[in-house]
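Q: Please take one part of this model and go through it closely. I am after the packing and the pairing.

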Amino acid sequence: MYHILIVDDEVRIRSMIRKYAEFEGHRVTEAGDGMQAVYLCRNEEFDIVIMDIMMPELDGFSACREIRKTSQIPIIMLSARGEEYDKINAFSLGVDDYVVKPFSPKELMLRVEAVMKRSKRSEPSRPQNEVFEMDGGRLKADITARIVYIDGERVDMSPKEYDLFFYLLTNQNVALTREKLICEVWGYDFYGDARTLDTHIKLLRKNLGRYADCIVTLRGVGYRFEEKN
């Protein structure tokens, strides 16, 4: 079972999640604000963090940003706001899932299990030094090292953006359905909103700059990566 850090300024929410988590056999630690969460993550070992956005001292976004400086621990973000902007902000920080309040604690536990399975899934073996280059090397992706360069400058992406981009690259010129992308990049047991894919595509295009249009939208189908002349 997992050691879960629950971060929320509402005692009622923490107690509800704790009740269901402990029923599933998990160990739980609680924090009432983002500052405490950052401190705990620096000094204790957790398997996953469930964290609210709107909190005193340090909000969830800022806390996540601090945690990501030293750890890639899976994070599920909770929020009363379901706007696309908030989801984009969360996923750009490397959040693994985004749950809108009110939520079902049973479903939250299923999401915890799904996120943990994905985080533990071993990466497929790849040949050494698998490198993709385009436009005379101006766009370069070292798939083995998980590094992307544009005009020699390194591009920072979230872990899931790397996964999505490299999957598109290794299936260049192939029409990939939304279902296929979600299953291959997020996993067959993904419990999130299907719009999560579209949000990550937006973030990916933003990071790719002038190469954004290499990711082609196939209306009613999905996406395809193709090299532009």
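A: Start with helix H5, residues 105-120. H5 lies across E1, E3, strand E4 (75-79) and E5. Its direction runs at about 135° to E3. Contact here means heavy atoms within 4.5 Å. Angles run from 0 to 180 degrees between N-to-C directions, with axes fitted as lines to C-alpha atoms, for helices over the stretch in contact. Helices (H or I, at least four residues) and strands (E, at least two) are DSSP runs, numbered from the N terminus.

A word on the source. The model is predicted: local features need pLDDT of at least 70, side-chain atom pairs count only at pLDDT 80 or more, and totals for chains, interfaces and linings use all residues. Residues are numbered from 1 along each chain as its sequence is written, and side-chain values use heavy atoms, leaving out hydrogens and water.

Now the sheet itself. It is open, with five strands in the order E2-E1-E3-E4-E5, and the pairing is parallel. Strand E2 (27-31) and strand E5 (97-100) form the edges, each pairing on one side only. From one strand to the next, the twist averages 20°. Two strands count as paired if DSSP finds at least two bridges between them.

Look at one pair. Strand E1 (residues 3-7) and strand E3 (residues 48-52) are joined by four bridges, in the parallel sense. Ile-4 stands opposite Ile-48 in E3.

Helix H2 (residues 34-43) also packs on this sheet. H2 touches E1, E2 and E3. The direction of H2 makes about 135° with that of E2.
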